[in-house]
Amino acid sequence: MSKLVVFDHPLIQHKLSIMRDKATGPKEFRELLEEISMLMIYEVTRDLETEEVQIETPICTCTGRKLAGRKLAVVPILRAGLGMVDGVLNMIPAAKVGHIGLYRDPQTLEPVEYYCKLPADSETREILLVDPMLATGGSASAAIRFIKQRGCTHIRLIDLIAAPEGVARIQKDHPDVDIYVAGLDDHLNEHGYIVPGLGDAGDRLFGTK
Ligand code: PRP
Ligand code: URA
């Protein structure tokens, strides 16, 4: 079964609490999501492979380490996942970026795909799939399915907040995909919203409601 990692770092928890507050406006919401994404990616990438390299410093030659193994790609689930891309790229500027367009039908809660563009060599990369909300898990599960259909085998899912229902869905559908979250919430309400959650992440990011 895939691993679930919940980040309890004080900075992440502090920033997440401000994001949850309904009085927090889109500008601050966007800034905080970018900052949390940076902090999360630092931990998500803790087990990346490195290799020994020789370096000429201005003083002498020494041994250091650099990233080795698979290159990275960050793939946001549109729209709300866009709010996590810059935070990841601030830490991993060489990562390529793919996009998956999905929205959740408000009646059926089923994901509807409207766009998918991944880097040409994405099957050779470690894919960091980002979306602030993991609710029923339908969107993330479908996004992972599309990515796998394009030959990708190494995928990590990074969410700001997850409901237990969404975690269970991903662990059932994709037991090879580890899940990283800043908050594991209580449950989903009758409209499929995470409780306590933070409301509609896309609308809060882009000010559309
Ligand atoms: C939100 C969120 C996830 C999805 C989670 O997107 O960003 O993609 O809902 O719900 P699920 O786990 O039940 O599938 P939404 O469909 O609101 O689209 P948006 O990002 O364009 O606002
Ligand atoms: N999508 C959101 O943006 N928020 C939720 O609580 C659930 C799905």
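This note sets out numbered points on the predicted model shown above.

1. Conventions. Residues are numbered from 1 along each chain as its sequence is written, chains are lettered from A and ligands numbered from 1 in the order in which they are written. The model is predicted, so local features need pLDDT of at least 70 and side-chain atom pairs count only at pLDDT 80 or more, while totals for chains, interfaces and linings use all residues; side-chain values use heavy atoms, without hydrogens and water.

2. Aromatic pairs. Rings of Phe, Tyr and Trp (its six-membered ring) pair if their centres lie within 6.5 Å; planes under 30 degrees apart count as stacked, over 60 as edge-to-face and the rest as tilted. The count by this rule is two aromatic pairs. Phe7 and Tyr180 form a stacked pair, at 6.2 Å centre to centre and with 15° between the planes. Phe7 lies in the loop between strand E1 (4-6) and helix H1 (10-20) and Tyr180 in strand E11 (residues 178-184), so this pair ties together parts 173 residues apart in sequence. Helices (H or I, at least four residues) and strands (E, at least two) are DSSP runs, numbered from the N terminus. Both Phe7 and Tyr180 are buried, where buried means under 20% relative accessible area, exposed over 50%, and partly exposed in between (1.4 Å probe, protein chains only).

3. The tilted pair. Tyr103 and Tyr114 form a tilted aromatic pair, 6.2 Å centre to centre with 35° between the planes. Tyr103 lies in strand E6 and Tyr114 in strand E7, so the pair ties together parts that are 11 residues apart in sequence. Tyr103 is partly exposed at 42% relative accessible area, and Tyr114 is partly exposed at 45%.

4. Surface patch. Tyr103 and Tyr114 also belong, with Val112 and Tyr115, to a nonpolar patch on the surface, with about 390 Å² of accessible area together. Accessible areas come from the Shrake-Rupley method with a 1.4 Å probe; for residues, only the protein chains shown count as cover. Patches are made of residues with over 30% relative accessible area and no salt bridge, like charges being joined within 9 Å and nonpolar side chains (Val, Leu, Ile, Met, Phe, Trp, Tyr) within 5 Å. A salt bridge is a side-chain nitrogen of Lys or Arg within 4 Å of a carboxyl oxygen of Asp or Glu. Strand E7 (residues 111-117) supplies the largest share of the patch, three residues.

5. Gly98. This residue sits in the loop between strand E5 (96-97) and strand E6 (99-104), and Gly98 is buried at 0% relative accessibility. Beyond its neighbours within four places in sequence, Gly98 is in contact with Val74, Val75, Pro76, Lys117, Leu118 and Pro119; contact means heavy atoms within 4.5 Å.

6. Helix H3. Gly83, Met84, Val85, Gly87 and Val88 are buried in helix H3 (residues 82-91). Their cover includes helix H2 (26-44), strand E4 (72-78), E5 and strand E8 (126-130).

7. Hairpin. Strand E2 (residues 50-56) and strand E3 (residues 61-67) run antiparallel, joined by seven bridges; two strands pair if DSSP finds at least two bridges between them. A hairpin of four residues connects E2 to E3.

8. Backbone geometry. The peptide bond from Leu78 to Arg79 is cis, with omega near -5°, and Arg79 lies in the loop between E4 and H3. The bond from Val195 to Pro196 is also cis, with omega near 0°. Leu109, although not a glycine, has a positive phi of about 65°, and Leu109 is in the loop between E6 and E7.
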